[in-house]
Amino acid sequence: MKKEVTDFPDPALPAPNGAADGPPLPRRSRLEEDVRELAVVRHPVAAPGALRAAEDYVALALGAAGLRVERQLFEWRGAEFRNVLATRDGDDPSRPWLIVGAHFDSRADTPGADDNASGVAGLLEVARLLRGERLGATVQFAGWNLEELQALPLHYAIGSRAHARMLRARGRRLAGALNLEMLGYTSERQRLPPGVRWVKRMPKGGHFLAAVGDRSSRRLLEAFERSALPHVPLVALAVPLRGWLVPDVRRSDNARFWDAGFASLLITDTADLRNPHYHRPSDTPETLDWDFLARSTAAVAAAVRALAA
């Protein structure tokens, strides 16, 4: 984490899936299929049917990956919604759990291909890649509902808040939570959020993955960085005060785990700091970089293997 750079070279593409010299790597065709299936407006008011269909799609795909699937019911403004939680038990039940999650809803005016069909596709592919592998720790894959901003500024990430509170109420120990929030967009230029430019030198081009943790998540951040770097250029950033000094890093589900006292990372292509289609009708599958999404997913899979080994 001490090495800082001004730009990254374009990395080599991942080896073909099933390469003999290592674990299987993500299939671009499967990632693209998942994104295209999910890339429609998925919103509790504008498209409630599509939101339920996305929930079902996530549940079916995680079940097909051999996981034990349940739906966590929670209420929001008098209506019922559900998170999808899919668990694979580790060999050592005394180990802290690892959570890997992504939100499957969208804003009311966008198909949300990058935000966040790309993150959900990565989540599903990691679950498939790990099928049959022996892990020491239990891993729970989470499809979170109602992440996108609601009517008031502080009303967001509703589903992940319910999940984090349930884990805390049950006394569950966590190794950490990995929040997959937009994994598929690259650009030639990369903007920087206020505050970050003073503490971290960043690449000028948007061809890297960012991993952001609060100060209590440093060990998780360092472990993710070690695992991810062979697969994708990475910028790792630790922020103080649960991210309140850099508000951009609190705009997703990782903040709900920080607030509940858990280590958590935001794993992202940096959203609107890079993607001009963010929260717009133009956030479509055609804008995504499938090779980058595959690299990002490979990085997450490698981190999960290392953290749960």
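Which helices do the buried residues of helix 1 pack against? In this predicted model, they pack against helix 2 (48-64), helix 3 (113-129) and helix 7 (290-308).

Start with helix 1 itself, which spans residues 28-38. Its buried residues are Leu 31, Asp 34, Val 35 and Leu 38. Seen down the helix axis, these residues fall within an arc of 100°, so they line one face of helix 1.

Asp 34 forms a salt bridge with Arg 128. The closest N and O atoms of the pair are 2.9 Å apart. Asp 34 has a relative accessible area of 2%. Buried means under 20%, so Asp 34 counts as buried.

Now turn to other pairs. A search of the whole structure finds 16 salt bridges. Among them is Arg 242 with Asp 259, where the closest N and O atoms are 3.3 Å apart. This pair links distant parts of the chain, 17 residues apart. Arg 242 sits in the loop between strand 7 (234-239) and helix 6 (254-259), while Asp 259 is in helix 6. Both ends are partly exposed: Arg 242 at 38% relative accessibility, Asp 259 at 33%.

Asp 248 forms a salt bridge with Arg 251, with the closest N and O atoms 2.5 Å apart. Asp 248 is partly exposed at 27%, and Arg 251 is partly exposed at 31%. Elsewhere, salt bridges that share partners join Arg 30, Asp 34, Glu 125 and Arg 128 into one network.

Notes. Residues are numbered from 1 along each chain as its sequence is written. This is a predicted model: local features need pLDDT of at least 70, side-chain atom pairs count only at pLDDT 80 or more; totals for chains, interfaces and linings use all residues. Side-chain values use heavy atoms; hydrogens and water are left out. Buried means under 20% relative accessible area, exposed over 50%, partly exposed in between (1.4 Å probe, protein chains only). Helices (H or I, at least four residues) and strands (E, at least two) are DSSP runs, numbered from the N terminus. The arc is that of the directions from the helix axis to the C-beta atoms. Contact means heavy atoms within 4.5 Å. A salt bridge is a side-chain nitrogen of Lys or Arg within 4 Å of a carboxyl oxygen of Asp or Glu.
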